[in-house]
Amino acid sequence: MDANQPRLSSQTLRVLGALMSSPGVELSGAQIGRTTKLATGTLYPILSRLERAGWVESRWEDGDPRILGRPRRRFYLITALGAKNATAAVNELQAAFAGRLAWR
Amino acid sequence: MEVIIGVMILAVVGIFFGAVLSRQLTDEFEAWTQWIINHLVNRAVRRLAEEERSRFEEEWLAHVNEIHGKIDKIIAALGFLSNARRLSTAISVAKRFLDVGSSIFLLFLYAPMMLWTAILIKMLDRGPILTKREEKWNGNTVSAFKFRTEDFTGRCTPMGRILRNLGIDEIPSLINVLRGDMTMSMFVVSMHRHGKSSG
């Protein structure tokens with residue numbers, strides 16, 4: 001596997017799942033944290049790895065923090081590459097699981 | 001009758017002051033929480049590469065802002081601290097353990113010498129024992145602890161000259177290694193660079 005490819009732990013899959021659950025909708029780190037129930041210490045290294053691998057992209061919330069009166073949020077969106085890879089990974093898991101069920 | 005009225009007045013006054021006091025305490029707690037969060041995020045961000053700091057500082061403060069509940073906010077902010085090391089710079093856990101172990105060992109080893117140095121600095125020119133000096137490393141700036149070798153005008157003191165020649169002034173940076181601001185290799189390089197410049 002390419003060194004740049006993120007490791008698909010169950011936590012990473014949860015993050016990808018959260019981002020894919022509403023396609024085209026950008027989510028902030030805090031929103032992803034709420035959906036996945038991941039602690040900040042786990043969440044951001046995952047997001048950072050996914051972003052570097054090009055599976056996820058992020059941008060600042062529109063607006064000036066001085067006018068908003070609070071720091072700007074950073075929104076994350078899954079890329080086509082991310083969606084493709086995540087779907088492939090899930091399919092692979094499902095196939096493995098189905099095989100196991102058939103065997104039993 | 002008067003007694004009852006007296007008690008009622010006291011009760012009303014008590015409730016009023018109680019409310020004011022609890023309001024005051026809540027405000028105080030609120031201010032403290034924000035201070036703790038800012039402090040934690042700031043510390044976490046300092047562990048990142050310089051070009052990433054401003055992004056994550058704003059992003060993480062916004063993250064905490066989106067969370068309800070003071071305790072949850074602090075827990076989230078604490079999480080960023082453990083984050084920082086695993087992000088970008090990717091310092092391995094094993095290396096960090098080695099850094100912590102070796103810095104504790106060296107701090108114990110140097111403790112008597114550090115104690116004497118501290119006493120001598122205090123005796124000879126009063127002033128503070130430690131200062132912070134900026135160290136540059138891979139584009140990161142770390143303000144590292146050093147024994148003070150200069151007087152308030154910025155001139156090297158006689159005691160300071162000896163400390164610099166022996167490289168003793170660099171030893172307090174072990175505290176930065178222990179805290180994770182610096183790595184052991186940074187410490188060794190700064191000692192080495194020092195030896196070259198003075199010898």
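Helix 1 (residues 10-21) of chain A has 12 residues, which should span 16 Å at 1.5 Å a residue, and its end C-alpha atoms agree with this, lying 16 Å apart. The expected span is 1.5 Å times one less than the number of residues; helices (H or I, at least four residues) and strands (E, at least two) are DSSP runs numbered from the N terminus. The model is a predicted one, in which local features need pLDDT of at least 70 and side-chain atom pairs count only at pLDDT 80 or more, while totals for chains, interfaces and linings use all residues. Residues are numbered from 1 along each chain as its sequence is written, and chains are lettered from A and ligands numbered from 1 in the order in which they are written.

**Helix 1 of chain A**

- The buried residues of helix 1 of chain A are A:Thr12, A:Val15, A:Leu16, A:Ala18 and A:Leu19; a residue is buried if 20 or more other C-beta atoms lie within 10 Å of its own, exposed if 12 or fewer, and partly exposed in between, with C-beta atoms placed from the backbone.
- Exposed residues A:Ser10 and A:Ser21 lie on the face of helix 1 of chain A turned away from its buried side.

**Helix 3 of chain A**

- Helix 3 (residues 40-53) of chain A has 14 residues and reaches 20 Å from its first C-alpha to its last, close to the 20 Å expected.
- Because 10 of its 14 residues are buried, helix 3 of chain A is largely enclosed by the rest of the structure.
- The buried residues of helix 3 of chain A include A:Leu43, A:Tyr44, A:Ile46, A:Leu47 and A:Leu50.
- A:Gly54, with a positive phi near 85 degrees, follows helix 3 of chain A.

- Leaving aside neighbours within four places in sequence, A:Val15 is in contact (C-beta atoms, placed from the backbone, within 7 Å) with A:Ile32, A:Thr36, A:Ile46, A:Leu47 and A:Leu50.

**Chain B**

- Chain B contains seven helices and two strands, in the order α-α-α-α-β-β-α-α-α from the N terminus.
- Of the 199 residues in chain B, 25% are buried.
- Among contacts in chain B between residues at least 6 apart in sequence, 58% join residues at least 24 apart.

**Interface between the chains**

- The contact takes 16 residues from chain B and 14 residues from chain A.
- On the side of chain B that touches chain A, helix 2 (50-66) and helix 3 (70-86) of chain B each supply at least two residues, and helix 2 of chain B gives the most, with seven residues.

**Confidence**

- The mean pLDDT (the predictor's confidence in each residue, from 0 to 100) of chain B is 83, and 90% of its residues reach 70 or more.
- Within chain B, confidence is lowest in helix 7 (residues 184-198), at a mean of 72, and highest in helix 6 (residues 173-179), at 90.
- The model scores ipTM 0.84 and pTM 0.57.

How values were computed: Contact = placed C-beta atoms within 7 Å.
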